[in-house]
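Please keep the sequence and the model in view while reading.

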Amino acid sequence: MRIPKVLVAAALIAAILPLNDAQARKKKKTFTHETVAVPEVQPQVIAVETQNTSLVLCVREDGELQQLYYGKKVDASEFEAVPRVHNRYGSGCSAFPSTGASFLGQPALHVRYADGTHNTEMRYFSHSSHPVSGSDAVETTIHLKDHVTGLELELSFLAHQAEDVIVACSEVINNTNAGVELLDIASSAMTLRAGSYLLTHANGSWAQEMQIENELLQHGVKLLETRRGTQTTQCGNPSFLLSLNTEQLNEDYGEVVAGALAWSGNYRISFEQGPEHFLSIVAGINPFASAYPLGKGQRFRTPEMVWTFSDEGAGGASRQLHRWARKYRVYNGGEVNPTLLNSWEGAYFTFTTETLIHMIDDAASMGLEMFVLDDGWFGNNYPRNNDRAGLGDWKVNVSKLPEGIDHIASYAHSKGLRFGIWIEPEMVNPESDLAHAHPEWVVQSPGRVIYQERSQWVLDLSNPAVQDFVYGVFDSVMQLSPSIDYIKWDCNRPVFSFGSPYLDSQDRFYVDYVQGLYNVMRRIREKYPDVLVQCCSSGGARVDYGSLRYFNEIWTSDDTDGLERVFMQYGTSLIYPACVMAAHVSEVPNHQSRNITPLKFRFDVACQGRLGLELQPRYLSADDMALVNRCVESYKNYRDLVFTGDLYRLGSPYGNDIYGCMYVSEDKSRAVVYVYSIGFDARGTDGQRFRLKGLDPSRRYKVTEQNVDSSCWWGDGGVYSGAFLGSGAFNPVLPNLYSSAIFLLEAE
Ligand code: DGJ
């Protein structure tokens with residue numbers, strides 16, 4: 001049919017000419033302008049309490065949930081009289097601020113609805129509290145609702161009474177009539193009110209993890225975040241301390257709030273100080289490239305944010321976190337893990353069965369309890385003789401180890417040692433059978449180079465088939481020998497140019513990757529509840545309370561230089577307990593730093609954590625071997641304190657020539673004290689004074705220096721009261737750089 005020319009011209013003119021207002025309104029999508037009524041609610045205070053702390057929330061007449069207080073325990077009912085806050089720039093201190101209404105700060109919740117709108121105003125609906133069986137915790141759940149869209153939110157607070165720890169998380173329930181996108185969904189938000197806020201957090205990189213920085217927060221926003229995808233720690237850590245009303249981090253005094261996000265992927269923690277000087281903290285999964293789609297009827301639960309408050313300084317906050325972690329978070333936390341010899345720095349990729357058998361013999365004669373075969377044992381078509389090939393092909397390399405793994409593992413058992421083995425199941429070398437068989441399993445973006453790092457690619461754990469494969473790697477390696485007791489799980493690179501051939505929405509990638517990892521770990525723990533599993537990631541790049549739910553320990557760093565380790569272990573100890581901290585003695589010059597420190601210093605530092613050796617024992621002199629035996633033996637006598645005791649740091653290594661720390665048993669009957677010289681102190685001729693802490697002042701302790709014939713403290717072998725030892729009279733002489741000592745204290 002031919003269209004008359006005049007009609008074509010009219011259509012063209014209509015398309016070109018601007019619409020008048022009436023026409024435009026007709027064309028545009030219309031919004032409903034009728035305001036949805038929000039039911040009034042009865043104002044009330046909701047208190048989340050532990051033995052010594054209170055988090056006070058309140059419901060306003062309009063249903064908004066606000067946070068009034070977090071700190072030392074108070075009578076929450078008194079807060080009923082506090083007038084509700086409306087500030088100039090926002091709606092007051094919302095307990096979980098969402099994008100919408102007059103809130104203009106960093107949101108904890110930001111949703112894009114199906115109609116393209118962004119506003120959410122969560123209002124109180126109900127709440128409930130109940131004790132949690134099997135613990136002293138009380139769980140409070142607060143249910144909120146957006147009356148315009150129907151979106152619902154549940155805030156949960158698990159209050160661990162004795163440890164003074166509150167574990168918070170949130171869950172969005174999409175009861176709207178269509179799919180939504182979660183542009184931001186934090187685990188928890190917290191508002192603090194103080195005169196000043198000193199933020200202490202970790203910075204770092206490979207071989208220099210957990211370097212501590214302190215900064216006084218100013219107005220504006222400070223972010224702690226990572227976008228590494230697979231790794232949480234090499235550049236920062238999802239944790240912090242906030243010291244209130246002070247400009248200095250203090251070990252023993254003052255109010256400190258500590259927080260740690262239990263998530264092993266991209267995180268973001270924001271600290272925003274507005275004109276009212278309140279500090280608003282919002283912590284959760286990093287929203288970077290993660291506009292997470294949530295279908296109608298679906299729920300999204302965030303990872304947990306762990307909070308604690310102490311008025312006994314950084315030391316108090318650390319101890320509370322450690323107690324909670326040992327009891328409720330770390331896999332089999334507080335159980336003593338074996339001392340070990342790891343093959344990595346002693347053999348790297350170059351070994352035969354004979355090399356390993358000799359190392360096992362040496363480990364046994366040094367009094368160690370486990371041998372761990374690190375990287376290099378697998379790959380045939382692409383043998384793993386260096387880091388450029390073989391990852392993904394988890395079959396024993398028959399030319400290196402023709403007798404197989406069971407031969408070595410059962411030999412270790414026959415010598416009274418346990419046996420461990422290394423895997424890196426999330427990764428693949430392009431030079432491998434796996435990469436050729438399953439190129440679609442590799443993280444990639446269409447048309448773009450798949451960048452290598454350490455000659456490897458990342459496998460796409462958001463894909464359930466890859467999750468099955470990764471689980472299968474663990475499972476099949478465990479079948480190599482009934483004598484496998486320990487797996488070292490490595491993860492040596494971050495994600496670049498992210499993308500999943502499996503996912504429809506690439507916005508899911510970063511979140512689904514971590515959830516995929518947790519799915520795998522859950523399955524592993526169901527089948528292998530007793531296997532020890534170390535969380536290693538290019539050293540200590542995956543240190544967080546998300547992974548520690550499944551792992552027994554962390555590999556703190558590839559840098560085992562004693563001096564460097566003093567700082568890294570101090571940094572780790574601010575948040576994580578010593579029971580997870582694997583610490584090895586290696587040879588000198590150190591393979592990473594090239595630094596040379598005495599063997600005794602290296603031991604005295606490594607004995608702060610789960611002790612191991614990572615060297616070729618054959619190269620040790622007879623004298624060194626004797627010292628090794630002595631140190632290992634003595635460590636076994638007091639290591640229960642490392643795994644279960646309360647940590648007291650004696651100062652800080654930063655800016656000081658001496659540093660020390662100690663672990664004290666819960667009943668205060670025993671303690672172990674470590675002291676180090678980490679800088680030349682020319683004036684320390686009278687000895688360096690340490691005030692020992694955590695002891696019972698009225699009990700008397702026998703003090704015995706370990707691993708020496710002649711002690712560096714005049715009082716060695718004597719019996720002294722806890723009060724005397726805390727007075728500064730404990731002044732061991734540490735004359736040289738790298739002088740160090742360990743003392744055991746036993747109550748009479
Ligand atoms: C990195 C780890 O941190 C090391 O301990 C070692 O296992 C290597 N990977 C092996 O490739």
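Asp686 and Arg689 form a salt bridge in which the closest N and O atoms are 2.4 Å apart; the term denotes a side-chain nitrogen of Lys or Arg within 4 Å of a carboxyl oxygen of Asp or Glu. This is a predicted model, in which local features need pLDDT of at least 70 and side-chain atom pairs count only at pLDDT 80 or more, whereas totals for chains, interfaces and linings use all residues. Residues are numbered from 1 along each chain as its sequence is written, and side-chain values use heavy atoms, with hydrogens and water left out.

Asp686 has a relative accessible area of 44% and is therefore partly exposed; Arg689, at 48%, is partly exposed as well. Here buried means under 20% relative accessible area, exposed means over 50%, and partly exposed lies in between (1.4 Å probe, protein chains only).

Lys600 and Asp604 are both buried.

A salt bridge also connects Asp640 and Arg670 (2.6 Å, N to O). This pair links distant parts of the chain, with Asp640 in helix α12 (residues 622-644) and Arg670 in strand β32, 30 residues apart.

Strand β32 (residues 670-677) pairs with strand β35 (residues 740-747) in the antiparallel sense over 7 bridges, pairing being assigned if DSSP finds at least two bridges between two strands. Within β35, Ser740 is the bridge partner of Tyr676. Both strands belong to an open, antiparallel sheet of 6 strands in the order β30-β31-β32-β35-β33-β34. Its edge strands, β30 (646-650) and β34 (719-721), each pair on one side only.

Helix α3 (residues 313-329) is mostly covered, with 14 of its 17 residues buried.

The largest nonpolar core has 190 residues, of which Leu242, Trp377 and Trp489 touch the most other members. Such a core is a set of buried Ala, Val, Leu, Ile, Met, Phe, Trp, Tyr and Cys residues joined through side-chain atoms within 4.5 Å. Apart from this core lies another, of 21 residues, including Leu695 and Trp713.

Definitions and conventions. Helices (H or I, at least four residues) and strands (E, at least two) are DSSP runs, numbered from the N terminus.
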